[in-house]
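Hi,

Here is the structure I promised to send over. Have a look, and my notes follow below.

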Amino acid sequence: MRKTTKLVLGSIAIVVVAAAAGGYIVWSKAINPRHITRPANSEPFSADRARLLKEGVARHDDTSLSPIGRSCNTCHSDENSYNETFNRPFPHYVQSVRFKTGLSQITAEGMVQFCMISAMEGRPLPWDSETLAALTAFVLERNRKAIGGLSSKSSMLNETCAEPPFEMTLVPGQRAGIQSIQR
């Protein structure tokens with residue numbers, strides 16, 4: 001009887017510790033929706049579209065934006081390196097944004113901020129920065145071409161940026177972005 005009790009209690013302890021560790025892992029991957037949603041009464045950097053596109057092209061390959069040496073180009077090396085949802089006008093649904101923030105739609109600017117935090121493991125760019133405006137202009141230009149049929153519809157992503165191999169769901173009673181793992 002004592003062996004059975006020890007075994008049961010030991011198993012429960014392992015499950016509790018695993019659940020706590022899993023919760024921490026998911027918590028660290030959740031993104032606060034405020035970090036990817038433009039604050040009210042804030043103004044974006046403004047410049048000529050051609051200038052912003054030129055800067056966006058340069059910043060798209062800039063590894064200094066990421067503390068781990070990635071660039072936007074790490075995941076999106078060409079016009080065909082976006083998920084199928086990219087072929088829709090912004091704002092639109094993006095599964096990884098939904099999983100990590102709870103938001104059902106995202107703007108192009110928000111998507112840049114999301115990638116800065118998620119894939120590039122950095123911090124969001126200042127909302128009034130030229131870099132954010134330039135990368136947003138670049139993303140919108142690629143999106144315009146995708147919608148116009150100038151890029152093929154592909155769902156191939158670099159493995160570095162692909163979603164984790166588990167399903168994440170919102171936990172009832174908790175704020176969006178705080179999620180648990182369903183295996």
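In α2, the buried residues are Leu52, Leu53, Gly56, Arg59 and His60. Here, buried means under 20% relative accessible area, exposed over 50% and partly exposed in between (1.4 Å probe, protein chains only). Looking down the axis of α2, those buried residues fall within an arc of 130°, so they line one face of the helix; the arc is that of the directions from the helix axis to the C-beta atoms. Lys54 and Val57 are exposed, on the face of α2 turned away from its buried side. The cover over the buried residues includes α3 (72–75) and α6 (130–147), with contact meaning heavy atoms within 4.5 Å.

A caveat: this is a predicted model, where local features need pLDDT of at least 70 and side-chain atom pairs count only at pLDDT 80 or more, while totals for chains, interfaces and linings use all residues. Residues are numbered from 1 along each chain as its sequence is written, and side-chain values use heavy atoms, with hydrogens and water left out.

Now the cysteines. Searching the whole structure turns up zero disulfides, a disulfide being a pair of cysteine sulfur atoms within 2.5 Å. For Cys72, the closest cysteine sulfur is that of Cys115 at 7.0 Å, too far for a bond. Cys115 has its closest cysteine sulfur in Cys75, 6.9 Å away, which is also too far for a bond. Cys72 counts as buried because its relative accessibility is 17%.

Cheers

Note on methods. Helices (H or I, at least four residues) and strands (E, at least two) are DSSP runs, numbered from the N terminus.
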